[in-house]
Amino acid sequence: MTNLTNDRLLIIDFGSQVTQLIARRLRELNVYCEIFPYQRISDQLIQDFSPKAIIFSGGPASVMEKNSPRPPQAVFELGVPILGICYGQQVMMEMLGGKVERGHGTAEFGRAYVKSCQQNLDILENWFEGDHEQVWMSHGDHVSQIAPGFQVYGTSPNAPFAIIADTDRRFYAVQFHPEVHHTPNGKKLFENFICIAGFSRDWTMGAYREQAVEAIRQKVGGKKVICGLSGGVDSSVAALLIYEAIGDQLTCVFVDHGLLRKNEAVEVVTMFRDNYNIPLIHAEEDELFLGALEGQSDPEIKRKIIGGLFIDIFQKYADQINGADFLAQGTLYPDVIESVSFSGGPSVTIKSHHNVGGLPEKMGLKLVEPLRELFKDEVRALGHELGLPESFIGRHPFPGPGLAIRCPGKITRQKLDILREADAVFIDQIHKHGLYDDIWQAFVAILPVRTVGVMGDGRTYDFACALRAVTSVDGMTADYYPFSHEFLGETATRIINEVKGINRVTYDITSKPPGTIEWE
């Protein structure tokens, strides 16, 4: 539970794949909110969180199923505004005396148009630009009878109760998804809702900075902290924020595991030593990591080896710093959300992450995670607040396991050296063409195959590589970047001519899902 003092909005999650978008839309409106799975909602949590308003998310269940997800009845007695979205509308009706029925030809999936019945509703102020508005529907069940006290304000062909409200209790419900991009005017609906609730809209990075600094001081006291510094925006912002709070009680540890990009170690260490007076240990541990990875080809085993060695390295340096008591990490809010199983049961592990779920007991360290409430774009805004150079704020994400997961199959120093050179050429091309800021992440993967080629009059038998570049907002979903054929041809020619060991270049055009951004 956060210790922030801002007005708070509680999002009760019923399992929608786009619940996180609700939180993002609200944060963009300077409203602090948190997402909790419905199973975690208790009277004590509600009392501690003290929400100024509540939103029910959508979800895949049917309210007619036995033991279907429900919020506590007590939320309707808090006297705060409530907005129900899709399943959230249906569960609200079911619990307040309305009725929900199976599809029977009234299911809607995709684009739809909601027609206004009457416009004298505060949440709809300036929302309809004409007599109808485009929305995004995704429902099988539908409300067949509204609860006492509610009126209808909007309908669609297959949702006669697309927008309903009980204005006396300030309960609102919509069958569509205002949080998604395909409801173009959805943000206005949220803006009206938070206006109804009386939010001060004081969630800014300047205010967060002050509160976070004070919270760090209270938690750490006079003890010492080590921070794993990767050079990415998350760990860099975390380090600057903690240093502002506790000064030389912080020591950063930059682990050079031999899996970094070309010149990365020099760039990161130089930037921090030249711009900040933060104690920094440059831990050159490539022999340890590459030795442990020798002969390993399974991606999960590689990730676990690297994650385990990071823990060992941090413990080693914590012991050297007169017994540091805290380890700082750049954990973000999406990491926290994804680590919670909505169903309460086991969830599928796509990839292992080392920065969520606590630390091994053997370390004896406590965690400091000052970015745990933030989304990626908010971290970048905080970086601006703290004066982090733009070259670091705008850097593409780089995974903790580094080039290990861009080198499918067994890792060798030769393959890593080839990969570094190819990656450097690709990134240079992207900068040269002014595309870097348009791309979320770009890199090269070296493939575990050799191919026959011809260079000059000779036969070659070298590695193939794949270029990967994606666009995204937060890394949760992504699409490949649509380079021109001219760009791809020019880049392939440069890589083959300048990087010894590669004779074939491909471009990965897989979106996420079904793929992931990284290859392993």
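Two strands count as paired here if DSSP finds at least two bridges between them, and helices (H or I, at least four residues) and strands (E, at least two) are DSSP runs numbered from the N terminus. With that in hand, take strand β1 (residues 8-13): four bridges join β1 to β3, and the two run parallel. Within this pairing, Ile12 sits opposite Phe56 of β3.

Before going further, a word on the model. It is predicted, so local features need pLDDT of at least 70 and side-chain atom pairs count only at pLDDT 80 or more, while totals for chains, interfaces and linings use all residues. Residues are numbered from 1 along each chain as its sequence is written, and side-chain values use heavy atoms, with hydrogens and water left out. The mean pLDDT (the predictor's confidence in each residue, from 0 to 100) is 87, and 91% of the residues reach 70 or more. Take care with residues 341-357, where pLDDT stays under 50; the model gives that stretch 29 contacts (heavy atoms within 4.5 Å) beyond four places in sequence.

Back to β3, residues 53-56. Strand β4 (residues 82-85) also pairs with β3, again in the parallel sense, over three bridges, and Ile54 has Ile82 of β4 as its bridge partner. Both faces of β3 are covered: Ala53 and Ile55 on one side, Ile54 and Phe56 on the other, are all buried. Buried means under 20% relative accessible area, exposed over 50% and partly exposed in between, using a 1.4 Å probe and protein chains only.

Now look at helix α3 (residues 87-96), where nine of the 10 residues are buried, among them Tyr87, Gln90 and Leu96. Gly97 follows α3, and its phi is positive, near 110°.
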